[in-house]
Amino acid sequence: IPVAEVKTAFVRVTDLKNRAIAGLGRKDFDVVENGKPREVLSVQRSTAPFNLVLLLDVSGSVENYVNFIRKAARSFVQTVGPDDKVSIITFNEDVNVISNFTKDKTALSESLDTFDAGGGTAYYDALAYTISDTLRPLRGERTAIVVLTDGDDNRSFLAFDSLAGSIQESGSLIYPLYVPSGLIALAAQNPNADIDPMRKKYMSLTAKSEGEGERLAKLSGGVYYPITEIRQIQEAYEDIVLQMRSAYMVKFRSDASAAPGGPSPRLRIKAKPENTYTTVTAVVASGE
């Protein structure tokens, strides 16, 4: 007979619009492992820090607006919690890690002066690199990727569809912020300018990038933010921090060995309220 042990699962619960649901307790969850119900010992809001990757598009489509990218990135660094670690990665046709994971916001800000812009956009290659090289060593920890891009890829070797499996396996939340390059151009000229309705249609995202941004967020359990006004970027950052903090630690009694660094394929955790979706992002062994 296997020896019972206690495990803790990190779980996100979202509604039909993929918004995090707060206020749930022990009686709101069912845990099934290897087809058998498990006793839920406790449910708490998770306060564990995140490992965050800020993935910045510095390709030719935003070549003249590097200061906008720097300013937007610095705003994100200032918005995250003091115990969250941030890594900053830039991409055009190449991928460049300009800062490894650190809590030092001054060092992160200074690293943003070290990149140049221009070239093609290998967005999916950059996403694949982030998942496989930057986040793989952190399996079992809470990880998220925040992407600032116009969503148009023209240089990747990898196709979008080839990313799906690795995204789900990584357990990392992805928050795509898609900013039309035309909107960045306008902001560089006059951040407070009113937009002529006729110009607006030239400053929208492509249908392809819109659809893929939504799919990326849905696959990972993150949220997609199509940006139509510059002020929405800071609002999105604040919402991302709120969404990441709306997770639960579900402690349960188990008799199965944990899969190293991630959810067991035989583990199912479901929130009882109607029209909710439950995503398990990590499972760790824990004490009683």
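Asn34 sits in the loop that links strand S2 (29-33) to strand S3 (36-38), where helices (H or I, at least four residues) and strands (E, at least two) are DSSP runs numbered from the N terminus. The model is a predicted one, in which local features need pLDDT of at least 70 and side-chain atom pairs count only at pLDDT 80 or more, while totals for chains, interfaces and linings use all residues. Residues are numbered from 1 along each chain as its sequence is written, and side-chain values use heavy atoms, with hydrogens and water left out.

Although Asn34 is not a glycine, its phi is positive, at about 55 degrees. Most residues other than glycine have a negative phi. With a relative accessible area of 35%, Asn34 is partly exposed, a class that lies between buried (under 20% relative accessible area) and exposed (over 50%), as computed with a 1.4 Å probe on protein chains only.

## Overall make-up

The protein contains eight helices and 13 strands, and 48% of its 288 residues count as buried. Among contacts with a separation of 6 or more, 81% are between residues 24 or more positions apart, a contact being defined by heavy atoms within 4.5 Å.

When residues up to four places away in sequence are not counted, Thr276 touches Val13, Thr14, Ile21 and Ala271. Thr276 also has a C-alpha to C-alpha distance of 4.7 Å to Asp15, although the two are 261 residues apart in sequence.

Ser59 occupies the loop between strand S5 (51-57) and H1, and it is buried, with a relative accessible area of 0%. Its side chain makes a polar contact of 2.7 Å with the side chain of Asp57, and a polar contact of 2.8 Å joins the side chains of Ser59 and Thr121. Beyond its neighbours within four places in sequence, Ser59 is in contact with Phe91, Asn92, Gly118, Gly119, Gly120 and Thr121.

Asn92, one of these partners of Ser59, lies in the loop between strand S6 (85-91) and strand S7 (95-102) and counts as buried at 14% relative accessibility. Gly118 is placed in the loop between helix H2 (105-111) and helix H3 (123-135), and at 12% relative accessibility it too counts as buried. The side chain of Asn92 reaches the backbone oxygen of Gly118 at 2.9 Å, and the C-alpha atoms of Gly118 and Asn92, which are 26 residues apart in sequence, are 6.8 Å apart in space. Leaving aside neighbours within four places in sequence, the contacts of Asn92 are Val58, Ser59, Gly118, Gly119, Gly120, Thr121 and Ala122.

## Helix H1 and its packing against H8

Helix H1 (residues 66-79) packs with helix H8 (residues 231-245) at an angle of about 30 degrees, their axes being 10 Å apart; the axes are lines fitted to C-alpha atoms, for helices over the stretch in contact, and angles run from 0 to 180 degrees between N-to-C directions. H1 and H8 are therefore roughly parallel to each other, since angles under 35 degrees count as roughly parallel.

On the H1 side, Phe68, Ala72, Ala73, Ser75, Phe76 and Thr79 meet Ile233, Gln234, Tyr237, Glu238 and Val241 of H8. The residues of this contact of H1 with H8 divide into seven nonpolar, three polar and one charged, where Ala, Val, Leu, Ile, Met, Phe, Trp, Tyr, Cys and Pro count as nonpolar, Asp, Glu, Lys and Arg as charged, and the others, Gly among them, as polar. Gln78 also lies in helix H1, and at 53% relative accessibility it counts as exposed; the C-alpha atoms of Gln78 and Lys105, 27 residues apart along the chain, are separated by 7.2 Å.

Terms used: Angles under 35 degrees count as roughly parallel, over 145 as roughly antiparallel, 65 to 115 as roughly perpendicular and the rest as oblique. A polar contact is a pair of N or O atoms within 3.5 Å; within protein, one must be able to donate a hydrogen and the other to accept it, and residues adjacent in sequence count only if both atoms are side-chain atoms.
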